[in-house]
Amino acid sequence: MQVIKVILRSMRWIIPLMVVMLLLLYFTKDKWLNVLGYKLIVADNVISSDVIILLGGEGDFSERSRKAAELYLDGYAPKVLLTDGTFDYKHDMEINKMLSRVETLGIPKKAILLEKQSQNTYENAKYSKEILLQQNMKKALVVTSDWHTLRTRLTFRKVFKESDVELHFVAAPSEYTFDQWWTHHDTKENVPLEWVKIVYYKLINRA
């Protein structure tokens, strides 16, 4: 009986506290939801490097390819490594579309390296590392969509930990800003899913 009395007394302040916290979360949701969105974006200083690593997965938006082409044309690296081994719904390799896109944007074929095995961000890092070590490359700019940069940095740093390759991460701006991301068709799916993937990568020791 004494234990029950203690629990009942505790509930008198626990329940009101929970109600207050829920109300606070509700009325400040715009602020903390925005934080969740912007926390996904990381960006390092852009420095001269041996290669620009361009991650696949941009679909038809092209923001990653445009950023990689911009960096190449500005002279930040003499080589661009495309990394993507996935197929689209027509069973065409995504990397072929990436190749065509970056050539159209001004990157010559002689400057392009291809990695066609990777199926996810972890394998982007794994197979890119193999190529960079084979080519004796010491510095790389890693380009991906802004919302994908946090997981990319966590993953690549994990994979490259034992190497002496210096990595810098570049965020390619998405079509939408992250102000009120939950109101846009693409970002309201990307942001929660990306956080789930980050937690998953942490759990399986990939980040």
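1. Some ground rules. Residues count from 1 along each chain as its sequence is written, side-chain values use heavy atoms, and hydrogens and water are left out. As the model is predicted, local features need pLDDT of at least 70 and side-chain atom pairs count only at pLDDT 80 or more, while totals for chains, interfaces and linings use all residues.

2. The overall plan. The protein has seven helices and five strands. Walk along the sequence and you get α-α-β-α-β-α-β-α-β-α-β-α. Of the 207 residues, 42% are buried; here buried means under 20% relative accessible area, exposed means over 50%, and partly exposed is in between (1.4 Å probe, protein chains only). Take the contacts with a separation of 6 or more: 77% of them come from residues 24 or more positions apart. A contact, by the way, is heavy atoms within 4.5 Å.

3. The sheet. Five strands form an open sheet in the order S3-S2-S1-S4-S5, paired in parallel. S3 (112–115) and S5 are the edge strands, each pairing on one side only. From one strand to the next, the twist averages 25 degrees. Two strands count as paired if DSSP finds at least two bridges between them.

4. Strand S4 and its neighbours. S4 covers residues 139–145, and six of its seven residues are buried. Towards S1 (residues 51–55) there are four bridges, and the two strands run parallel. On that side, Val 51 stands opposite Ala 140, and Leu 54 has Val 143 as its bridge partner. Towards S5 (residues 166–172) there are seven bridges, again with parallel strands. There Lys 139 is partnered by Glu 166, and Val 143 stands opposite Val 170. S5 is mostly covered too, with six of its seven residues buried.

5. The crossover. To get from S4 to S5, follow helix H6 (residues 149–159): the three elements make a right-handed β-α-β unit. Right-handed means that, with the strands pointing away from the viewer, the path from the first strand over the helix to the second runs clockwise.

6. H5 (residues 121–134) lies across S1, S2, S3 and S4, at about 130 degrees to S3. For these angles, axes are lines fitted to C-alpha atoms, for helices over the stretch in contact, and angles run from 0 to 180 degrees between N-to-C directions.

7. A lysine to look at. Lys 67 lies in H3. Is Lys 67 buried or exposed? Lys 67 is buried, because its relative accessible area is 16%. Leaving out residues up to four places away in sequence, Lys 67 touches Val 143, Val 170, Ala 171, Ala 172 and Pro 173.

8. Helix H7. This one covers residues 187–203, and its 17 residues should span 24 Å at 1.5 Å a residue; the end C-alpha atoms are 24 Å apart, so the two agree. The expected span is 1.5 Å times one less than the number of residues. Buried in H7 are Thr 187, Val 191, Glu 194, Ile 198 and Tyr 201. On the face turned away from the buried side of H7 you'll find Val 196 and Leu 203, both exposed.

9. Two asparagines with positive phi. Asn 136 is in the loop between H5 and S4, and its phi is near 60 degrees although the residue is not glycine. Asn 136 counts as exposed because its relative accessible area is 55%. Asn 205 comes in the segment after H7, with a positive phi of about 65 degrees; Asn 205 is not a glycine either.
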